[in-house]
Amino acid sequence: MSRIGKLPIILPAGVTLQVSDDNIVTVKGKLGQLSQKVDSCVSVKTIDGQIQLERASDEIDHKAKHGLYRALIANMVKGVSEGFSVTQELVGVGYKVEAKGQIVEMTLGYSHNLVIELPSEIQVESKTERGKNPSLTMTSIDKQLLGQVAAKIRSLRKPEPYKGKGIIFRGEVIRKKAGKSAAEK
């Protein structure tokens with residue numbers, strides 16, 4: 001991970017970075033503000049509009065944290081400047097999704113509808129078009145939170161390998177199994 005940690009992070013226009021005395025990195029941009037506590041073995045510096053991370057020594061743990069915090073800060077910078085988006089499709093007959101504010105109601109073939117309340121940091125939009133699978137698009141500035149919520153929604157009905165029914169990410173390819181073949185008589 002040290003090769004990743006050595007790469008500089010370029011600060012886009014309108015994005016500011018502050019490092020407090022207790023190693024809390026705060027990134028502010030046009031979409032919002034994110035904070036992350038950084039381990040004391042990694043120091044964060046801003047030089048000529050670029051963020052540089054340096055580690056205290058070449059211990060294995062320090063190398064790993066060097067790359068980890070570089071990736072986390074890079075995701076924070078991208079999140080406050082551009083944001084992140086995840087689109088999931090509900091593949092299956094009768095599968096439906098409806099978003100009302102922060103509440104998402106889904107019909108996934110169970111005896112009851114599933115209702116999920118999303119965190120306030122995530123904006124959600126559902127789309128149902130004739131002839132296409134219903135889709136759910138979530139956007140946020142926090143990549144970690146967005147991924148966690150998307151994984152939780154997917155776990156409600158994972159894609160099965162025979163027909164491909166379930167909740168899939170847009171663009172994801174499900175490898176299907178052949179299934180049973182008819183027995184000869």
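A charge is taken to sit over a ring if NZ of Lys or CZ of Arg is within 6 Å of the ring centre and within 35 degrees of the ring normal. In this predicted model, Arg157 meets that description: the residue lies over the face of Tyr110, at 4.3 Å from the ring centre.

**Sheets**

The strands E2, E3 and E4 form an open sheet in the order E2-E3-E4, with antiparallel pairing. Its edges are strand E2 (16–19) and strand E4 (33–37), each of which pairs on one side only. On average, neighbouring strands of this sheet are turned by 15 degrees against each other, direction ignored. Helix H2 (residues 60–81) lies across E2, E3 and E4 and runs at about 170 degrees to E4.

A further open sheet of three strands has the order E8-E9-E10, and here too the pairing is antiparallel. Strand E8 (96–100) and strand E10 (114–117) stand at the edges; each has a single partner strand, so one side of each is left without a neighbour in the sheet. From one strand to the next, the twist averages 15 degrees.

| Strand pair | Sense | Bridges | Residues opposite each other |
| E8 and E9 (residues 103–107) | antiparallel | five bridges | Val97 and Met106 |

**Nonpolar cores**

The largest nonpolar core has 22 residues, of which Met106, Leu108, Leu118, Met138 and Ile153 touch the most other members. Two or more residues each come from strand E7 (84–91), E9, E10, strand E12 (135–140) and helix H3 (143–154). Helix H3 gives the most to this core, with five residues.

Which residues does Met138 contact, leaving aside its neighbours within four places in sequence? They are Phe84, Ser85, Val86, Gln88, Leu118, Ile122, Gln123, Val124, Leu146, Val149, Ala150 and Ile153. Two of these, Leu118 and Ile153, are also named with Met138 among the core members that touch the most others.

Another core, of 21 residues, lies apart from the largest one; its members include Leu34, Leu72, Val77 and Val80.

Key:
Residues numbered from 1 in each chain as written. Predicted model: local features only at pLDDT ≥ 70, side-chain atom pairs only at ≥ 80, totals over all residues. Heavy atoms only, no water. Pairing = 2+ DSSP bridges. Helix = DSSP H or I, 4+ residues; strand = E, 2+ residues; numbered from the N terminus. Axes fitted to C-alpha atoms, helices over the stretch in contact; angles between N-to-C directions. Contact = heavy atoms within 4.5 Å. Core = buried A, V, L, I, M, F, W, Y, C linked by side-chain atoms within 4.5 Å. Buried < 20%, exposed > 50% of the residue type's maximum accessible area, 1.4 Å probe, protein only.
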